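Work through the exercises below with the sequence and the model side by side. Try each task before reading its solution.

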Amino acid sequence: MISEDEIRADLEKLRDIVAAHKAPGAPLATETLTIEGRELEVFSSVPKNLAGVYELGLKAADRTFLVYREERFSFAQSLDMTARLAAVLRQRYGIDKGDRVAICARNSPEWCISYMAITTIGAVVVPMNSWWKGPEIQYGLKDSGSKLVLLDADRLQQISPYLNDLDIEVITIKPTATSAYPEFYRLIESVEPLSAASISALQVEPEDNASIMYTSGSTGHPKGVLSSHRNIVSALYTWYFVRQVTEILRPELVEENPEFAPAILANVPLFHVTGSHAQFLACFLNQRKLVMMYKWDADQALELIEAERISVLHGVPTQTWEVMQSNKFDGTDLRSLRGVQSGGAPRPPEHLSMMLDRFPHQAIPGLGYGLTETNAIGAIISGKFYESRPHSTGRPSPPVTALVIHDEAGRELETGEVGEICIKGPTIMKGYWNQPEATAEVIRNGWFYTGDIGKLDELGFVIILDRAKDIVIRGGENIGCVEVEYAITEHPAVSEVSVYGIPDERLGEVLCASIMLRANSQLEAPELKQFLAEKIAGFKIPELVYFQYQQLPRIAAGKIAKKQLRQETIDSLSSS
């Protein structure tokens, strides 16, 4: 067990390291600027736009960058293709600064090159959900006002009935049959790359629009999250800063073995901020290899970790759990792993215990908290801090992010008081695309109101209790679903769980749980309730429990589709 004195001592060391790294004259120094009316601490010596970030890959020009099945491209090859596609966008399609260009496709090298080319010329990339159906894709293209879209075969089939009404140009990615639309590689193979001078002449500034990423809502139309180049570059350098200071605090994390060069497994969709930012774009700062999966499969992930010498296993917590449950886990060479990190959802503390027991000691566990609106930045935790605070998602990500807890009146709360988590910093979105009222609801006095309920402990660690809109109010008592989910997950028969509320005439709401059981296990509701009675208050125990052996449904970002489960339960009860 790690003592509180040890954690306090490490936090003191960390504070000194952070202060030194952000001081004037340091490579990652910060300064205070007023940007669009918000006074923010920002990095003072980082690239002003994403094109400058991409150029960092040339520090390891011949090193492998993009890997997808049998395809392999170096950093130099990837940047050459980017410059060629940039020329195509400018010269053939007339794409100018500020024009929107969408990508709707599965993970592939073409997806990455397209993102790079679009943002290099100052156009706005619109990474669209590749799980969407035709009408949803149509909505996204119309809402963003995209002039051009890059589509793979499946997405082209989905949107084909709507193309005549959209007045939009199409480039195809990996077509499976002859197509009337131009194909990615044919377009770039004979064109001269756009010169560095031509790119520089476009004068893409830090506050220029860079991307519109649609939030993965499960009902209604999603909102487009508009981010600037500064927003995204600040997120990338926040992670880079965290890595630099962490390696000083934990020198054993430094990768000294040349056999294990930096490499990350791209195991979530690139249209999600975890995939595009934390996995893909962060590779340029570390000259790291990006190994893309066609679709998630725990067995295949283990094969790739061994074959490609993956140093970082990332994704949502469920993926780490599935890797540990794989029959191939014990027989896989995991020596290259230096980090096992997750974000996008809470991780049950029991999963952390298993990770510490099963993964090699140098594979440091970590967890991050952020949203699309914050470009995935908020709080972060790893190593001994995580072991000592398994229910926490960490402390505010240094050095340019602030995090506080506000009450409904906007008053900052004291340590231990529960309220809404609010984040401030240069990674916060410019706003929701064409929705000023919705923007004003969540950005107030420079703070982004996350909609998440939580508190800060005495050492500044964030503890998330639930989504504000998902808290179940049963007979006037507020119930945090995450707390109940943690308790249920402790039962050895439970693989994963989602807890939610449904309407009740007497109590307002009652608690329900949908549970995936482990293979070859059995569990009944009375046994579970008796188990929980020793762990949580009686009013927190779900009144309705549903068991299954199949994985619970997911939204595109990989999180459990809680709203879908809730509605299915309501529909089932109303028809019975």
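The exercises that follow treat one hairpin and several salt bridges.

The model is predicted, so local features need pLDDT of at least 70 and side-chain atom pairs count only at pLDDT 80 or more, while totals for chains, interfaces and linings use all residues. Residues are numbered from 1 along each chain as its sequence is written, and side-chain values use heavy atoms, with hydrogens and water left out.

**Exercise 1.** Describe how strand 1 and strand 2 are joined.

Solution. Begin with the limits: strand 1 covers residues 30–35 and strand 2 covers residues 38–43. Strands (E, at least two residues) and helices (H or I, at least four) are DSSP runs, numbered from the N terminus. Two strands pair if DSSP finds at least two bridges between them; here there are 6, and the strands run antiparallel. Next, pick a position: Thr32 faces Glu41 of strand 2. Last, look at the turn: 2 residues separate the strands of this hairpin, and Glu36 in the turn has a positive phi of about 50°.

**Exercise 2.** Find the salt-bridge partner of Arg389 and state which parts of the chain the pair ties together.

Solution. A salt bridge is a side-chain nitrogen of Lys or Arg within 4 Å of a carboxyl oxygen of Asp or Glu. The structure holds 31 of them. In one, Arg389 pairs with Glu4, and the closest N and O atoms are 2.8 Å apart. Arg389 lies in the loop between helix 16 (383–388) and strand 17 (395–396) and Glu4 in helix 1 (residues 4–22), so the contact ties together parts 385 residues apart in sequence. Then check accessibility, where buried means under 20% relative accessible area, exposed over 50%, and partly exposed in between (1.4 Å probe, protein chains only). Arg389 is buried at 10%, whereas Glu4 is partly exposed at 32%. Finally, widen the view: a network of salt bridges links Glu4, Arg389, Asp457 and Glu458.

**Exercise 3.** Are Glu308 and Lys289 buried or exposed?

Solution. Start from the contact: Glu308 and Lys289 form a salt bridge with closest N and O atoms 2.8 Å apart. Glu308 is in the loop between helix 13 (298–307) and strand 13 (312–313), and Lys289 is in strand 12 (residues 289–292), 19 residues apart. Now read the relative accessible areas: Glu308 is buried at 12%, and Lys289 is buried at 13%.
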